[in-house]
Amino acid sequence: ERDRVAQADYAFRMLRVQLLGELALELDGHSLAAPSSRPTRALLAWLALHPGLHARSRLAGRLWPHVLDESARASLRKALADLRRALGEEGLDALITTRQEVGLSPHVWVDLLAFEELLAAGRLEEAVGLCRGELLPGLDDDWAYEARDEHLARLAAALARLGDVAEQEGDLETAVRRTRELIAVEPLS
């Protein structure tokens with residue numbers, strides 16, 4: 001009976017990854033220390049932003065583009081080992097690794113992906129509510145800059161739409177607040 005309960009608990013473990021604002025991890029409602037090394041943080045962020053399994057060789061080349069393939073793959077192995085340690089034994093089911101591929105489980109919740117799903121569903125208030133800061137602050141890789149720019153464009157569009165709706169409804173206080181938020185995100189708008 002106890003084994004069955006333990007298996008049921010294991011099946012419901014939920015890893016949450018916050019990429020908006022400071023990188024944060026949560027497992028079943030309990031905070032985990034985010035990886036401290038930049039390469040491990042970059043690996044976790046990239047996997048969280050790109051659902052599915054990824055070929056190790058392509059992933060290594062993407063994250064370590066300026067080193068030889070063998071060195072990039074060694075760096076990937078080290079970052080994966082560090083990520084496993086950060087997730088702990090309870091969170092290891094969130095990380096999928098095979099000899100050829102790496103990815104996060106489809107059951108991992110990622111704030112940026114939730115933001116995009118809420119936008120697609122027209123739930124702009126909820127989507128904007130998830131934005132607690134800049135996407136991937138501190139990561140200066142090209143792919144992080146691209147993701148940051150794309151996110152800012154979608155956030156700016158959502159804030160502009162929310163401001164327009166508030167103005168049309170006569171809620172000028174909310175319209176002004178949303179416009180100020182828009183200007184903070186996109187000063188030239």
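**Helix packing and a buried tryptophan**

Helices α2 and α3 are oblique to each other. The model is a predicted one.

**α2 and α3**

- Helix α2 covers residues 38-49 and helix α3 covers residues 56-63; the two pack at an angle of about 120 degrees, with their axes 11 Å apart.
- An angle of 65 to 115 degrees would count as roughly perpendicular; at about 120 degrees, the pair is therefore classed as oblique.
- The crossing of these two helices, α2 and α3, is right-handed.
- On the α2 side the contact is made by A42, L43, W46 and L47, and on the α3 side by L59, R62 and L63.
- By class, the residues of this contact comprise six nonpolar, one charged and no polar.

**α3 and α4**

- Helices α3 and α4 pack with their axes 9 Å apart, at an angle of about 95 degrees.
- This angle makes α3 roughly perpendicular to α4.
- From α3, the residues R56, S57, L59 and A60 meet A72, R73, L76, R77, L80 and R84 of α4.
- The contact of α3 with α4 divides into five nonpolar, four charged and one polar residue.
- L59 of α3 takes part in the contact with α2 and also in the contact with α4.

**W64**

- W64 is located in the loop between α3 and α4, the latter helix being residues 69-91.
- With a relative accessible area of 13%, W64 is buried, since buried means under 20%.
- Leaving aside residues up to four places away in sequence, W64 touches P39, A72, S75, L76 and A79.
- A72 and L76, which W64 touches, also belong to the α4 side of the contact with α3.
- W64 and A144 are 80 residues apart along the chain, and their C-alpha atoms are separated by 13 Å.

**α7**

- Helix α7 runs over residues 142-168; at 1.5 Å a residue its 27 residues should span 39 Å, and the end C-alpha atoms are 39 Å apart, which agrees.
- The buried residues of α7 are W143, A144, A147, R148, H151, L155, A156, A158, L159, L162, G163 and A166.
- The cover over these buried residues includes α2, α3, α5 (111-120), α6 (124-129) and α8 (172-185).
- After α7 comes G170, which has a positive phi, near 80 degrees.

Terms used
Residues are numbered from 1 along each chain as its sequence is written. This is a predicted model: local features need pLDDT of at least 70, side-chain atom pairs count only at pLDDT 80 or more; totals for chains, interfaces and linings use all residues. Side-chain values use heavy atoms; hydrogens and water are left out. Axes are lines fitted to C-alpha atoms, for helices over the stretch in contact, and angles run from 0 to 180 degrees between N-to-C directions. Helices (H or I, at least four residues) and strands (E, at least two) are DSSP runs, numbered from the N terminus. Angles under 35 degrees count as roughly parallel, over 145 as roughly antiparallel, 65 to 115 as roughly perpendicular and the rest as oblique. A crossing is left-handed if the near helix is turned anticlockwise from the far one by less than a right angle, and right-handed if clockwise. Contact means heavy atoms within 4.5 Å. Ala, Val, Leu, Ile, Met, Phe, Trp, Tyr, Cys and Pro count as nonpolar, Asp, Glu, Lys and Arg as charged, and the others, Gly among them, as polar. The expected span of a helix is 1.5 Å times one less than its number of residues. Buried means under 20% relative accessible area, exposed over 50%, partly exposed in between (1.4 Å probe, protein chains only).
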